Amino acid sequence: MSNQTIFEEITAEADFAQGKHGSFASTHEAFGVLAEEVAELLDEIRANSIEGVRREAIQVAAVAMRLAEKCDLLIR
């Protein structure tokens, strides 16, 4: 799978989450969501579930991307 395909999946996940949950209220909220997703990723790693690891890794990246976008908005 290409990096472009993975990036498209991350972007789609971020767009889905944004539509479902809206913007983060703060960077603290974003960190809480990110920490939760990282914990879920660790659970999948411990379960040795490659599909689960992939799914959670994409979700972690999507949350991190949304956090970076939030920071961009705060800087401007």
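This is a short tour of the model in your viewer, one selection at a time.

Before you start, note that the model is predicted, that local features need pLDDT of at least 70, that side-chain atom pairs count only at pLDDT 80 or more, and that totals for chains, interfaces and linings use all residues. Residues are numbered from 1 along each chain as its sequence is written, and side-chain values use heavy atoms, with hydrogens and water left out.

**Stop 1: the whole chain.** Show the chain as a cartoon: you will find three helices and zero strands, in the order α-α-α from the N terminus. Helices (H or I, at least four residues) and strands (E, at least two) are DSSP runs, numbered from the N terminus. The C-alpha atoms fill a box of roughly 40 × 25 × 20 Å along the principal axes.

Now colour by pLDDT, the predictor's confidence in each residue, from 0 to 100. The chain averages 94, and 99% of the residues score at least 70. Mean confidence is highest in α2, at 97, and lowest in α3, at 93.

**Stop 2: α2 and α3.** Select α2 (27-46) and α3 (50-75). Their axes come within 8 Å and cross at roughly 165°, which means α2 is roughly antiparallel to α3. Axes are lines fitted to C-alpha atoms, for helices over the stretch in contact, and angles run from 0 to 180 degrees between N-to-C directions. Angles over 145 degrees count as roughly antiparallel, under 35 as roughly parallel, 65 to 115 as roughly perpendicular and the rest as oblique.

The crossing of α2 and α3 is left-handed (the near helix is turned anticlockwise from the far one by less than a right angle; clockwise is right-handed).

**Stop 3: α1 and α3.** The axes of α1 and α3 lie 8 Å apart at an angle of about 65°, so α1 is roughly perpendicular to α3. This crossing is right-handed.

**Stop 4: the largest pocket.** Finally, select A17, H21, V33, E37 and R66, the closest to the pocket's centre of the 15 residues that line it. A pocket is an open set of points on a 1 Å grid over the protein atoms alone, where a 1.4 Å probe fits, with protein on both sides within 12 Å along at least five of seven lines; lining residues have an atom within 4 Å of a point. Which element gives the largest share of the lining? That is α1, with five residues.
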